[in-house]
Amino acid sequence: MKQKNRVAATTNWPLTILLIVGCLTVIFPLYMTIIIAFKKPSEMTNDIAGLLSLPKTWSLENFAEAMRVTDFWHSLGYSVMITIVTVVLAILIHSLAGYAIGRSMAKSRFYKVSYLYIVSGMFVPFAILMMPLVKQTAQMGVDNWFGVILCYLVFYMPMNVMLYTGYLKNIPIALEEAAFVDGATTWQTYWKVIFPIMSPMHATVAVLTALGTWNDVMTPLVIMSGTGANTLPLAQLTFQTQFGTNYNLAFASYLLALLPILVFYLICQKQIINGVVNGAVK
Amino acid sequence: MKKLSRNQTFLLITIPVLALFFCFNTLPLIKGLMYSFTNFKGFGSYDWVGFRNYADLFSDARVGKSYLFTFKFAVVATILTNVIALLLALGLNGKIRAKSALRGVYFVPRILGGLVVGYIFGYIFTYILPAVTGGSSMLSNTKTAWFAIVIVAAWQSIAQTTLIYISGLQTVPEDVYEAGAIDGATGWKSFKNLTFPLIIPFFSINLVLSMKDFLMVFDQIMAMTKGGPAQSTESISYLIYNNGMGGGQFGFQSANAVIFFIVIVAISVFQLNFTGKKEEQL
Amino acid sequence: MKKRLIATALVAAMLIGTVLSASGCSSESSDGKTHITILQYKQEAVKAFETMQEEFNATHDDIVLEIESPNDAMTVLKTRFIKEKAPDIIGIGGDVNYSNFLDAEILMDISDFEGLSLIKQAYLDIDKNLEFVPMDGIYAVPYVANAAGVLYNRDMFKKNGWEIPTTWDEFMDLCETIKASGQQPLYFGFKDVWTCLAPWNALACDLAPADVCRQVNKGETVFKDEYREVSEKMLELLEHAQEDPFAYNYNDACTAFANGEAAMYCIGSYAVPQIQSVNPDMDIDSFVMPGCDTEADNILNSGVDLQFCVTNECKNKEAAYEVLSFLLEDSTIQTYLDDQNAVPCKNQEFKLSPALDGMLDYINEGRIVDYQDHYYPSEMSVDAQIQTFLLNGDVDKFLDKFDTDWVRYNRDIIRKVQEYEEKGGNK
């Protein structure tokens, strides 16, 4: 802890300022998004000064209308449910798979091949899988939110298994051996020793998986069609029709959808940093 | 109950995972492979056409052009993204103030949806940049449009790449730096000799992940140029989606997807082997 | 700690799941009534269709009508066919998708539906022409159409005393006059490639045979001959565009036109709502693209925007016809027209949007020809090819490529057409 204090005391100010200046590349587009979300369609122009100016009134009307059009709470419910279940299952299943494969692939050909098999799945263009998946999920009776979760578990498996096995390379096997000596099984060792140590990676996997599922349109569109259920991105398609787009409502709606995932990211980010403290203690 | 051996535990984990993966990835892929030998439109009746789709593929100038564009785009974007993301990760991992807030801000681009990114950057390239530089829009010129997409795609994916680098940096124990500092290793030297070797697994993961994302670029193209101007920014995925799903070329584009899949797998196996050897050397 | 967190998250998710599925749809067809589902692709008309559905269900005891207006309906529709859960009736556009659906043999022959006699012949003909190979029977009820040509700012025209052009020379002179007055004659959104098709289609109606694609498929002519004048006139139009029209998209062009930055805009009636969202008070009118040298040769570009087809999956044809009859009632059509800017295909006078004033005579006389791009396979990306051509200005290169690509992308269709012709054609 003492070291930690000393580190915190010496702030690298030039770096801090540089990073804050760099933020402009994000803040500027974000500023445009926010002001457009507050404007009326009749305030939209093509000249720069007009577009960058503040809205005439800061009314929340667009947000209320966007929530009404997308049936916000209902769609949010589906999005949250699908995302949470996917993330939790991904952390449990993919970390286990990453552990089993990562710890064995140096020695065993079977695991090496399994690893390459799963990772190569990442490169299958979704377009080729789409129609067969639609048919398959319908035949299995899971052409609903549950089928979407199953698909996500498979789609994100390659990336997550890669991340977990990569992380495991830096975790010394000696940590596990100590547990074996105490008579623990591999299964117990995993949950007691390895799983907690990997928490920065769990947080990373959680963020990346959550983001992918939260923003995805295509999978729920084709798999859940006809169930009457909508996720948020699916409901947001309403703003874009063939011959017209209501950017003001759409941007308001995107901002609303952005908040939950940003909060989730910030929580996970804390986990990633906390993980270091734990790691440093060991 | 008999205690399971380490290998048995690993098998019990790996086999169901492989089964799930097979069911929702390989099985539909095989069906897609089948469609690549038909003139299937995506619905209704179809005929078998043998290898015609594959023969066409190799004589189709448009497909050839899309491969050239996609690879040029992916290589440049991968390099740009990884250089910036690595610098950003080092910065955000440094001794700075407002760390959480800064990390939060730099993550926002990844969350913004395609409609927002398309509109905002479309506006920046069409109106703001020409006004600042006095030139014409990058997006209306066949020589520069691809780079505009590189900028936007990199802007969005730097968030994810940085996150993975940051979690990688957490595995570098603090005492490595201290030991290094005693030896007088600072700045570039410390990075090259101490930090970088330890995060090589993450470097290779990021290379593969971002290369894959960029090779499959679709959203940014839909948002920015829809393949234009003059068909100069049609990526492979763009053709597969638009002509396969949207148009009536499902069979032909399935063949395209199969070939594309084989090409990327070959590249990534090469990439993984290459960085894998690097890891072993260190 | 970690485990408790995970458990809590799972429980929370399951709770949401229960709530959602409890509040979800519970209308199982166990009520002994016939259920008819319509899936229609005009998402923007969802309000009108909700009203229609209520109206229908309030007046019919034995049939329950469910209308779905999903986002990205064409993708959803294709997945429904794959899932073998196709709706009874589909509402789609009269375009190449319809031709493909016909070719895939998933639509029902509805020639015994009485309501067809109420439809304007011109639109029935347009649908007939969309068949790759002439088929027996009728497969769609044209519902509403849209029209394309040139939209103009009525106030600007009045203020400057400009006349509506009726021939190509008048049109070009008008553009010169407008330019000379220091104003912008035309504005294009060619960054969105599909907008290149709007002037293209309108000119092709005037200058090329209506069934040029079918003639080419039969091997009777080539595009190089038929589309030359269209291509050359496209280049002439481009001279009157704003600077770098390829930098601006459809939305930019709508906004610019709405804000009075240009006097005219070559686009269809479908753009009016988007333009008026920016400037609700704008007085927009339209005229037919004057591509010919005499007014009498000009033809309005109009195609079926929404039509209803019964799918082969439909179990109860009588009930489906009952629904179709309801949709064709004057009051139902008026419900749609009040909500959407459209031209009804029913042979009857309706009150139309003032933006169509300049096209009214053509509509009433049936002087209309379908959009040429309704015959183009979408994977050929003719819109992108036109954009390429407009960028480099090489007519010969463009038309040569058009002909070779056409043969390549329509190989199966050309084979079918020629087999049909060999068997004796439609004689």
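The contact between chain A and chain B takes 80 residues from chain A and 77 residues from chain B, two residues being in contact if their C-beta atoms, placed from the backbone, lie within 7 Å. The structure is a predicted model, in which local features need pLDDT of at least 70, side-chain atom pairs count only at pLDDT 80 or more, and totals for chains, interfaces and linings use all residues. Residues are numbered from 1 along each chain as its sequence is written, while chains are lettered from A and ligands numbered from 1 in the order in which they are written. On the side of chain A that touches chain B, helix H16 (residues 247-281) of chain A gives the most, with 15 residues; helices (H or I, at least four residues) and strands (E, at least two) are DSSP runs, numbered from the N terminus. By class, this side of chain A has 56 nonpolar, 23 polar and 1 charged residues, where Ala, Val, Leu, Ile, Met, Phe, Trp, Tyr, Cys and Pro count as nonpolar, Asp, Glu, Lys and Arg as charged, and the others, Gly among them, as polar.

Chain B also touches chain C: 24 residues of chain B are in contact with 25 residues of chain C. On the chain B side, helix H5 (114-133) and helix H10 (236-246) each supply at least two residues, and the largest share, 3 residues, comes from H10(B). The residues of this side divide into 5 nonpolar, 17 polar and 2 charged.

Chain B has 11 helices and 0 strands. Its C-alpha atoms fill a box of roughly 75 × 70 × 30 Å, taken along the principal axes. Of the 282 residues of chain B, 51% count as buried; a residue is buried if 20 or more other C-beta atoms lie within 10 Å of its own, exposed if 12 or fewer, and partly exposed in between, with C-beta atoms placed from the backbone. Among the contacts in chain B with a separation of 6 or more, 71% are accounted for by residues 24 or more positions apart. The mean pLDDT (the predictor's confidence in each residue, from 0 to 100) of chain B is 87, and 94% of its residues reach 70 or more. Among the elements of chain B, helix H3 (residues 61-92) has the highest mean pLDDT (94) and helix H7 (residues 174-182) the lowest (69).

Leaving aside neighbours within four places in sequence, B:Ile149 is in contact with B:Phe73, B:Gln220, B:Ile221, B:Met224, B:Thr225 and B:Thr233.

In chain C, 3 strands form an open antiparallel sheet in the order S6-S5-S7, strands being paired if DSSP finds at least two bridges between them. Strand S6 (264-265) and strand S7 (284-287) of chain C stand at the edges, each with a single partner strand, so one side of each is left without a neighbour in the sheet. Strand S5 (residues 150-153) of chain C is joined to S6(C) by 2 bridges, and C:Tyr152 has C:Met264 as its bridge partner in S6(C).
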